[in-house]
Amino acid sequence: MSGHKFLALSLALVCSVISCGAVELTFELPDNARECFYQEIEKNVSATLEFQVVTGGQYDVDVTLESPTKEVIYRQVKQQYDSHRFTATEAGVYAACFSNEFSTFSHKLVYVDFQVGDEPPLLPGMGEHATVMTQMESSCNEVHESLKKVLDYQTHHRLQEAQGRKRAEDLNERVLWWSLLETAVIATIAIFQVVILRNFFSEKKPSMMGYNKM
C-alpha cells in the first residue's frame, strides 16, 4: 500500500461513543490552515483532550482550547503531543482548535482523542450499592480495565507505526533523489573526460601539418 493511500485510510473516524461523549479521530491539517472541533459540555463535567501529530513537517502544531465565552483555557505552541484534563466551569460548547498556519508547505496528520464525562459503570447498578463487589464483578471489572489499556496501547502503537512508515518513506525518497543526482554527476564527469581525451588524440602533429602544406 502506498503512503498516500495509507494516509487517506487513516482519515477515517476511529470511534465515537455517545454515552460518554468520547470522540477519537485522525484528520489531515493542510498548510496555512486551522481546524476546530466543538463539543458541548455540562458544568462540572470533566474532560480530557489528547493529541499527537502523526506525520508532516517537524511533527508540531499549535493547539488552543476555548471555553464557551472564548476564554483560552489551554494553549500549546508547536507541540508534537500532549494530554490536558480539565473540568468545565460553565455549560456550553467548548472548542479545540489545531493550527498549522505557521507552515507554508507541509501538511500534518493529527490524531485527536476528546473524552467528555466519566465512563458508565460496567455492570448495571455497580456504582449504586455500597456493598463490596462480588468476585465475579471484581473479575469483570479487572478484565474491562485491562482491555481498555490494551486498546489504548494498540492505538498509540498504530500511531507510532504510521509515523515510522512515513519517516521511512521520506528517507527512501531522499536517498532515491540523492542517488539520481550522484548518477547524473558521475555520467557528466565521464562524458567530459572522454571529450577531453578525444581532443588530445585528435590534435595534429607539427610535422604532419608542415607536410600537408607542401
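Biologist: Happy to look at this with you! What are D60 and K108 called, buried or exposed?

Modeller: Both D60 and K108 are buried in this predicted model. Their side chains meet in a salt bridge, at 3.3 Å from N to O.

Biologist: Why is the contact between D60 and K108 called a salt bridge?

Modeller: The N to O distance is 3.3 Å, and the cut-off is within 4 Å for a Lys or Arg nitrogen and an Asp or Glu carboxyl oxygen, so the pair qualifies.

Biologist: What makes it a link between distant parts of the chain?

Modeller: D60 sits in the loop between strand 4 and strand 5, while K108 belongs to strand 9, 48 residues apart.

Biologist: How many salt bridges does the structure hold?

Modeller: Two. In the other, the side chains of R34 and E66 meet at 4.0 Å, N to O. R34 is in strand 3 and E66 in strand 5, 32 residues apart.

Biologist: Why is E66 called buried?

Modeller: Its relative accessible area is 16%, and buried means under 20%, so E66 counts as buried.

Biologist: And why is R34 called partly exposed?

Modeller: R34 has 40% relative accessibility.

Biologist: Which residues touch the most other members of the largest nonpolar core?

Modeller: I41, L49, V61, F98 and F114, out of 23 residues. Elements giving two or more residues to this core include strand 4 and strand 9. Another core, of five residues, lies apart from it, with V54 and Y111 among them.

Definitions and conventions
Residues are numbered from 1 along each chain as its sequence is written. This is a predicted model: local features need pLDDT of at least 70, side-chain atom pairs count only at pLDDT 80 or more; totals for chains, interfaces and linings use all residues. Side-chain values use heavy atoms; hydrogens and water are left out. A nonpolar core is a set of buried Ala, Val, Leu, Ile, Met, Phe, Trp, Tyr and Cys residues joined through side-chain atoms within 4.5 Å. Buried means under 20% relative accessible area, exposed over 50%, partly exposed in between (1.4 Å probe, protein chains only). Helices (H or I, at least four residues) and strands (E, at least two) are DSSP runs, numbered from the N terminus.
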